[in-house]
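Please examine the sequence and the structure shown below. The report that follows treats the chain as a whole and then turns to selected parts of it.

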Amino acid sequence: MNTPGQPDSAPGHRLPGVRYRTETRQRSVIHAVNGDPEEIEQDYQVLIPVPPRDWDRIVMTAVTAVAAGLLAIAIVWSVASIGDLLARAVVAPIAYLAASAFALVWVSCMALEWLARYNADRAAGSRNAGNVALVLDMAAVATHGHLEDSLYVGLAGAAVSAVAKYMWSTVMKAQARPLPELTRRWLTKREANITARLALGAQLRTLARVEGQAAVYAPPAIPAGHRDTTADTPGHDARTVLSAVLAASATMPDATPADIVAQLAAARIITDTDTVQDILDADTDIRPDTTDSRSQPRVRTIAPAGQSIADTVRTALASGITDKSAVLSYVRKIHGQDVTADTVARTRRRVEPDAS
């Protein structure tokens with residue numbers, strides 16, 4: 001048995017003057033065989049009204065096809081004429097490749113003009129550039145005809161490009177839908193806001209990248225109280241001198257500034273006693289009072305900005321500190337007690353492959 005479903009369309013339902021097409025659809029029905037019902041799919045026919053032909057769309061499509069054909073003819077003619085003209089000076093493949101630029105430029109400008117159809121100022125710029133490129137294209141085609149003693153042929157070929165561009169401009173104007181003035185201004189302002197956000201995001205990413213590079217490669221500011229010894233120490237900046245003096249002071253607690261100067265001179269780091277004394281005085285100012293280390297907070301020397309553990313290890317080795325415990329003590333003095341011995345050992349092996 002069958003249950004009621006969507007009724008089949010009857011021929012009597014056709015409306016006069018309306019074209020129909022028959023479409024097969026399916027619906028679920030309950031069908032029983034020997035008293036055993038099952039839900040199955042049943043085909044049925046319906047009449048679907050066919051909309052009338054959109055002659056406006058058909059005509060526009062035909063006109064667009066004609067414009068495309070003219071454009072193809074203009075490009076082929078221009079490339080052939082200008083390519084033969086340029087082939088007088090260069091080999092043919094290069095000549096015809098260069099000739100294609102004449103036509104492709106004004107064609108590309110027309111595409112940009114279409115994309116900017118909602119912004120009159122921007123569209124005008126693309127239109128003017130396309131007109132200039134078209135004039136150059138036509139002049140080259142006409143010149144080729146003149147050199148071939150067929151000026152009229154050259155002028156006719158140049159006119160093909162002009163007709164093709166005019167046809168495309170007419171098609172674009174026919175398909176364009178101008179916006180009301182207020183709507184156009186609203187769209188322009190919204191586009192400007194969105195573009196500004198995109199530009200700001202790109203610039204912020206650039207600044208972040210530059211800031212990261214500056215943190216690694218740019219020399220840090222010299223701390224107050226330390227004089228810049230760059231002029232007196234070729235190849236070493238103030239940060240190297242500062243680290244070397246602190247390293248020497250850590251390994252030779254009873255050394256005088258003169259002793260430290262001599263020690264650094266052996267490592268080819270040249271400085272003077274006044275600079276060493278200034279560094280030691282500044283280092284003493286930030287050291288904790290160790291009279292009662294249990295009740296006072298632990299204060300460590302702050303590493304110069306941008307100085308890594310590897311930089312500190314290199315400075316210690318350059319200062320003549322080779323003992324493992326001395327290097328570890330110096331690194332902890334600069335970077336804190338959280339630096340492990342394994343980290344220092346790995347870093348030393350990396351910066352000094354021959355180190356034990």
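## Contacts along the chain

Among the contacts that link residues at least 6 apart in sequence, 61% join residues at least 24 apart. The model under discussion is a predicted one.

One example of a pair separated in sequence is Val171 and Val63, which stand 108 residues apart along the chain. In space, the C-alpha atoms of Val171 and Val63 are 7.5 Å apart.

## Overall composition

The chain contains eleven helices and two strands. The chain has 356 residues, and 28% of them count as buried.

## The pairing of helices α3 and α4

Two packed helices are described by the angle between their axes and by the distance between the axes. Helix α3 covers residues 120–147, and helix α4 covers residues 151–175. Their axes come within 6 Å and cross at roughly 160 degrees. Angles over 145 degrees count as roughly antiparallel, and α3 and α4 are therefore roughly antiparallel to each other. The crossing in which α3 passes α4 is right-handed.

Which residues of the two helices meet? On the side of α3, they are Gly130, Asn131, Leu134, Asp137, Met138, Val141, Ala142, Gly145 and His146. On the side of α4, they are Leu151, Gly154, Leu155, Gly157, Ala158, Ser161, Ala162 and Lys165. Sorted by class, this contact of α3 with α4 has eight nonpolar, seven polar and two charged residues.

## Val171 in helix α4

Val171 also belongs to helix α4. Is this residue buried or exposed? Val171 has a relative accessible area of 3%. Buried means under 20% relative accessible area, so Val171 is buried.

When its neighbours within four places in sequence are left aside, Val171 is in contact with Val63, Thr64 and Ala67.

## Ser100 in helix α2

Ser100 is located in helix α2, which covers residues 92–115. Its relative accessibility is 18%, and Ser100 therefore counts as buried, since the cut-off for this class is under 20%.

What does the side chain of Ser100 reach? The side chain of Ser100 reaches the backbone oxygen of Leu97, at 2.5 Å.

Note on methods. Residues numbered from 1 in each chain as written. Predicted model: local features only at pLDDT ≥ 70, side-chain atom pairs only at ≥ 80, totals over all residues. Heavy atoms only, no water. Axes fitted to C-alpha atoms, helices over the stretch in contact; angles between N-to-C directions. Helix = DSSP H or I, 4+ residues; strand = E, 2+ residues; numbered from the N terminus. Parallel < 35°, antiparallel > 145°, perpendicular 65-115°, else oblique. Left-handed = near helix turned anticlockwise from the far one by under 90°. Contact = heavy atoms within 4.5 Å. Nonpolar A, V, L, I, M, F, W, Y, C, P; charged D, E, K, R; others polar. Buried < 20%, exposed > 50% of the residue type's maximum accessible area, 1.4 Å probe, protein only. Polar contact = N/O pair within 3.5 Å; in protein donor to acceptor, adjacent residues only side chain to side chain.
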